[in-house]
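Please examine the sequence and the three-dimensional model shown below. The paragraphs that follow lead through it step by step.

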Amino acid sequence: MGRKGNAHPQARAVLEQFKYEVASELGLLNKVQQVGWENMTTREAGQVGGQMVRRFIQQAEAELAKEVSNQRQ
C-alpha cells in the first residue's frame, strides 16, 4: 500500500490484513510470504489492489442502496 502516512494506524492494520486476505484468495499469499510485497511483480500487486478496490466499491454500493431503501420507507 503506497501512501500509508495519512492513514490512521488502526485503519492501516485493517487494510494490511485485508490485503493479505485478498492475496490468499488470489493464490498469491505463499509468494508474498516468500519474497515480500516489494518483490512481487507489478501485475501481481495490481491484481491484489484491483480486487481490494472492487470490494470497496461493492461495499459502498451496498451501503448506499441500503441507505436509499431506508429513506424510501
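**Aromatic residues, core and helices**

Tyr20 has a relative accessible area of 29% and is therefore partly exposed; buried means under 20% relative accessible area, exposed over 50%, and partly exposed in between, with a 1.4 Å probe and protein chains only. The model is a predicted one, in which local features need pLDDT of at least 70 and side-chain atom pairs count only at pLDDT 80 or more, while totals for chains, interfaces and linings use all residues. Residues are numbered from 1 along each chain as its sequence is written, and side-chain values use heavy atoms, with hydrogens and water left out.

The confidence of the prediction is described by pLDDT, the predictor's confidence in each residue, from 0 to 100. The protein chain has a mean pLDDT of 91, and 93% of its residues reach 70 or more. Among the elements of the chain, the highest mean, 97, belongs to helix H2 (residues 29-35), and the lowest, 93, to helix H3 (residues 42-72). Helices (H or I, at least four residues) and strands (E, at least two) are DSSP runs, numbered from the N terminus.

The interior may be considered next. A nonpolar core is a set of buried Ala, Val, Leu, Ile, Met, Phe, Trp, Tyr and Cys residues joined through side-chain atoms within 4.5 Å. The largest one is made up of nine residues: Phe18, Val22, Ala23, Leu28, Val32, Trp37, Met40, Val48 and Met52. Helix H1 (9-25) and H3 are the elements that give two or more residues to this core. The most comes from H1, with three residues.

Contact means heavy atoms within 4.5 Å. Not counting residues up to four places away in sequence, Val32 touches Tyr20, Ala23, Trp37 and Met40. From Gln17, Val32 is 15 residues away in sequence and 13 Å away in space, C-alpha to C-alpha.

The aromatic rings come next. Rings of Phe, Tyr and Trp (its six-membered ring) pair if their centres lie within 6.5 Å; planes under 30 degrees apart count as stacked, over 60 as edge-to-face and the rest as tilted. The count by this rule is two aromatic pairs. In one of them, Phe18 and Phe56 have ring centres 5.3 Å apart and planes at 50°, so the pair is tilted. Because Phe18 lies in helix H1 and Phe56 in helix H3, this pair ties together parts that are 38 residues apart in sequence. Phe18 counts as buried because its relative accessibility is 16%, whereas Phe56, at 38% relative accessibility, counts as partly exposed.

The rings of Tyr20 and Trp37 have centres 5.5 Å apart and planes at 75°, so this pair is edge-to-face. Distant parts of the chain are linked by the pair, with Tyr20 in helix H1 and Trp37 in the loop between H2 and H3, 17 residues apart. Trp37 is buried because its relative accessible area is 19%. Lys19 lies over the face of Trp37, at 4.6 Å from the ring centre; a charge sits over a ring if NZ of Lys or CZ of Arg is within 6 Å of the ring centre and within 35 degrees of the ring normal.

H3 has 31 residues and reaches 44 Å from its first C-alpha to its last, close to the 45 Å expected at 1.5 Å a residue; the expected span of a helix is 1.5 Å times one less than its number of residues. Glu44, Val48 and Met52 are the buried residues of H3, and the buried residues of this helix pack against H1 and H2. Glu44 has a relative accessible area of 14% and is therefore buried. Leaving aside residues up to four places away in sequence, Glu44 touches Leu28 and Lys31.
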